[in-house]
Amino acid sequence: MRKISMVGGTGTSGFAWVTEHGSLSPTVDIVMSTFNGERYLAQQLDSILSQTFTDWRLIVRDDGSTDGTGAILESYRQCYPDKIQLLAATSHLGVRESFSVLLQESTAPYTMFCDQDDVWSPFKIEKSVRVMQETEQTYSPMPLLIYTDLTIVDADLTIQDRSFLHYQKSRPLTDFKSLLVTNTIAGCTICMNERLRTLIGTIPDSAMMHDWWAGLVAAAFGRVIFVPESTVLYRQHSRNVVGAARRALSGVWFYHASGRWRQDLMVTHDHARAFLRQYETCLPVPLARLIKDWACLPTRPFWVRKFLVLKHGIKRGSVLASWVLLLLI
């Protein structure tokens, strides 16, 4: 794909691109997986259509909905046939695999994940693309991932917290060591460049979630950049697949003391093994050693586990959580 011209100013199309076959491609592909989302879907679609940045295409794959989701999508597609593309799908794959399929359909220079039940700020795409292009001036041609903060709202869009990180008593994570054991990257805020999308390829079945996997790949081979601005009203309701949980500081200790942390950490060891299988041959030796040590940590003696965590400087999303991890691992 090659860039051919720059057009417009703030709030306009930005760049125009031509594919290898000569057809015009949008600057941004937004990929959305839906499943029984009829209640909130129209609000999300309307917020995308209201973006100040207009050079985008929305690619939607419905993951086997049994409600009115399909009819809503088709109605919007008919109204905006040049902006909305629906993938033919009848089977239910789950969130991770559905987004993996969607990534294979993206051809734009930049790709953004989108959930079915949020509301995007009118400047979301414009801000993400601007930061991405500024970052590319320093780090191109690296794989790059931009993500932002979110505003936590309830089902009726009443604000609960203006910061997802504050809500979870966490911090933005951009380094591989931290992302190996915990994730603060919300998929609905991600913007990735074409090099990262190509490197991700097909997301493996053993990956935790599409957003976490994308963050790991970017941190291992390129850069993860956090933008401390909210670009999404992140709706919390009874049917969230993942969602955000409010955490008091005392809750961090209770979480670890209750033993729930062991189950969650075991999943991260599986995640590390999957990452090694996919990328070991192209990883720098120190990074491969870190991933192997973390993948095998449950089999190591008590004091060896602590030594390896200290040696590699592995931390979780907050200072307290990191200390509790070291004490109880």
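A crossing of two helices is right-handed if the near helix is turned clockwise from the far one by less than a right angle. Keep that in mind for the first close-up, and remember throughout that this is a predicted model.

**View 1. Helix 1 and helix 2 cross in the right-handed sense.** Here you're looking at helix 1, residues 41-49, and helix 2, residues 69-79. Their axes come within 10 Å and cross at roughly 25°. Since angles under 35 degrees count as roughly parallel, these two helices are therefore roughly parallel to each other. So who's touching whom? Helix 1 brings Leu-41, Ala-42, Leu-45, Asp-46 and Leu-49 to the contact, and helix 2 answers with Thr-69, Ile-72, Leu-73 and Tyr-76.

**View 2. Strand 5 sits beside strand 4, and the two run parallel.** Strand 4 covers residues 28-34, while strand 5 covers residues 56-62. Seven bridges join the pair. Now follow the side chains along strand 5. Trp-56, Leu-58, Val-60 and Asp-62 point one way, Arg-57, Ile-59 and Arg-61 point the other way, and all are buried. With seven of its seven residues buried, strand 5 is largely enclosed by the rest of the structure.

**View 3. Strand 9 pairs with strand 12, strand 11 and strand 10.** Strand 9, residues 144-153, is mostly covered, with 10 of its 10 residues buried. Take its partners in turn. Strand 12, residues 223-235, runs parallel to strand 9 and is joined to it by nine bridges; look for Thr-151, whose bridge partner in strand 12 is Leu-233. Strand 11, residues 191-193, pairs with strand 9 in the antiparallel sense over two bridges, and there Leu-145 has Met-192 as its bridge partner. Strand 10, residues 159-161, is antiparallel to strand 9 too, again with two bridges.

**View 4. Strand 9 and strand 10 make a hairpin.** Zoom in on the place where Val-153 stands opposite Ile-159 in strand 10. Five residues lie between the two strands. Spot Leu-157 in the turn: this residue has a positive phi of about 70°.

**View 5. His-271 is tucked away in helix 10.** Helix 10 spans residues 260-279, and His-271 is one of them. Is this residue buried or exposed? Buried means under 20% relative accessible area, so His-271, at 1% relative accessibility, counts as buried. What does it touch, leaving aside its neighbours within four places in sequence? His-271 is in contact with Ser-206, Ala-207, Met-208, Trp-212, Trp-213 and Leu-216.

**View 6. Helix 11 and helix 12 cross in the left-handed sense.** This view shows helix 11, residues 285-295, with helix 12, residues 302-312. Their axes come within 11 Å, crossing at roughly 150°. Angles over 145 degrees count as roughly antiparallel, so that's the label for helix 11 and helix 12. On the helix 11 side, the contact residues are Arg-289, Leu-290, Asp-293 and Trp-294; on the helix 12 side, they are Leu-308, Val-309, Lys-311 and His-312. By class, this contact has four nonpolar, one polar and three charged residues.

Note on methods
Residues numbered from 1 in each chain as written. Predicted model: local features only at pLDDT ≥ 70, side-chain atom pairs only at ≥ 80, totals over all residues. Heavy atoms only, no water. Axes fitted to C-alpha atoms, helices over the stretch in contact; angles between N-to-C directions. Helix = DSSP H or I, 4+ residues; strand = E, 2+ residues; numbered from the N terminus. Parallel < 35°, antiparallel > 145°, perpendicular 65-115°, else oblique. Contact = heavy atoms within 4.5 Å. Nonpolar A, V, L, I, M, F, W, Y, C, P; charged D, E, K, R; others polar. Buried < 20%, exposed > 50% of the residue type's maximum accessible area, 1.4 Å probe, protein only. Pairing = 2+ DSSP bridges.
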